[in-house]
Amino acid sequence: MKSGGDGPKRFHLTTFGCQMNEHDSERMKGMLGALGYVEAPSRADADLILFNTCSIRESADSRFIAHLGEAKRLKGEDPEVVVGVGGCWAQSVKDEVFERYPFVDVAFGPGQIHGLAEFLASDSLTAQGYFGLEGFAGHLPAHRERPFQAWVQVSQGCNCVCSYCIVPSTRGREASRPAPELIAEVGELARDGVREVTLLGQNVNSYGRDLRGADRRSFAELLREIDAIEGIERIRYTSPHPKDMKEDVARAHAECPAVCEHIHLPLQSGSSSVLKAMRRTYDRSRYLDRVALIREHVPDAALTTDIIVGFPGETEADFEATLEVVDEVGYDGAFTFIFSPRRGTEAATLDGTVPHPVKRERMGRLVELVQRRARERAQRFVGRTVEVLVEGPSRTDPSRLRGRARHNKTVNFDGTAGPGDLVEVEITDATSQTLLGHEVLLSRVG
Ligand code: 5AD
Ligand code: SF4
């Protein structure tokens, strides 16, 4: 049921894409709450239908378009319904959105949550677009899904020029938030019961380069200051760039008790010539040096990565170089993507398109290797007792609990703890994705 004129207005928000988008959505929900909106259980019940979109690959676009079709139908049934489209896809098409999808009332780029607020407060009858890349949504109150976990956006935008990536054009130049502001925010979160923070940035470990004076910290210094905040037991961050993964960050992992033993280090390709065409600014051996540096300081660290298959010009030998790196590093997990040409990017103009069947065949071989290595790596946990932050019941078996180890592995286990508890779990079995075990009861310790 919609509000029907009396009672609070209801919104329904669907989020696509990365954690930055998830976090933007949390802040959208916080803003909507402040404006008196409540969440509707389904799109059909909503006065305001919102989408926070992604444009990283073509598959992200097409998934979203199917959902947008439902919004069109609902708006056709009830013209009072307001349809809003935010995020990276909206930014990449800008005002064209209103020409192609005339039922859309408001469109806004990533982080332009104030644009949505302005629109809702204005009683505007005409479609509005908010696509500026300036401005920071960092201080908006967020509606957190779990009271004990929070995202903290440390920077926005990206100064890299990776030739395949649409993000620099959708999220703009990099801008860091002043360190004292971030430290105060994490302090407040800790007082509010947050135990785990995930620092977010498109290129999170280049944090601080654009700051001056008392505002400025390096990423490693920021990790150390957040580590010192009472109540923060776990610090994660995503996504770093290998070029900025220096010794000071590895040392912070080794020396700060709260900084988790997990690093996501996007490889993209194991071939130096493909890396060059991707404009990643490192080659295979520099990447492997960074892995060695991490392992020197944090020998047990879990490493995960992103890999793109079928970049223009990728030969069989290039692809085999990727397989070699995957085998050599032994990732604990990897996100694997088939190259998708994105509008306005350099890679979309490159020759040497890899035929689709070849891309698929390479993807199959890559996934098989990634899973085998992840499964092998996971065996090191069997017999160990690991600290788990409990998130809730297991998705497959509600009589068991689910949580996350510091290494970012999902752990399904028998136990009595509640969401937000930190417990010790003895691991009895491991697959490539998850660990299995049982809670170690206090009476059994010592
Ligand atoms: N095609 C395929 N994968 C891509 N990624 C980014 N852009 C593209 C693209 N055009 C992948 C990269 C990145 C992850 C978030 O998405 O691996 O690290
Ligand atoms: Fe998608 Fe990239 Fe935008 Fe995140 S930053 S929503 S992954 S396009």
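Colleague: How far apart are the centres of domain 1 and domain 3?

Modeller: Taken over C-alpha atoms, the centres of domain 1 and domain 3 are separated by 36 Å. Domain 1 covers 10-131, domain 2 covers 149-377 and domain 3 covers 382-439; such bounds come from an automatic or database domain assignment. This is a predicted model, in which local features need pLDDT of at least 70 and side-chain atom pairs count only at pLDDT 80 or more, while totals for chains, interfaces and linings use all residues. Residues are numbered from 1 along each chain as its sequence is written, chains are lettered from A and ligands numbered from 1 in the order in which they are written, and side-chain values use heavy atoms, with hydrogens and water left out.

Colleague: Why is ligand 2 said to lie between domain 1 and domain 2?

Modeller: Both domain 1 and domain 2 give residues to the shell around ligand 2, so ligand 2 lies between them. A residue is near a molecule if one of its heavy atoms lies within 4 Å of it. The residues around ligand 2 are C18, N21, T53, C54, S55, I56, C88, V167, R171 and Q202.

Colleague: What makes α1 largely enclosed?

Modeller: Twelve of the 16 residues of α1 are buried, so the helix is largely enclosed by the rest of the structure. Buried means under 20% relative accessible area, with a 1.4 Å probe and protein chains only. Among the buried residues of α1 are M20, N21 and H23.

Colleague: How does the span of α1 (residues 19-34) compare with the expected one?

Modeller: From first C-alpha to last, α1 reaches 23 Å, close to the 22 Å expected. The expected span is 1.5 Å times one less than the number of residues. The helix is a DSSP run (H or I, at least four residues), and α1 has 16 residues. G36, which follows α1, has a positive phi, near 90°.

Colleague: Why is R362 called buried?

Modeller: The relative accessible area of R362 is 6%, so R362 falls under the 20% limit. R362 lies in helix α13 (residues 356-378). Not counting residues up to four places away in sequence, R362 touches V309, E314, T315, E316, F319 and V354, where contact means heavy atoms within 4.5 Å.

Key. Helix = DSSP H or I, 4+ residues; strand = E, 2+ residues; numbered from the N terminus. Buried < 20%, exposed > 50% of the residue type's maximum accessible area, 1.4 Å probe, protein only.
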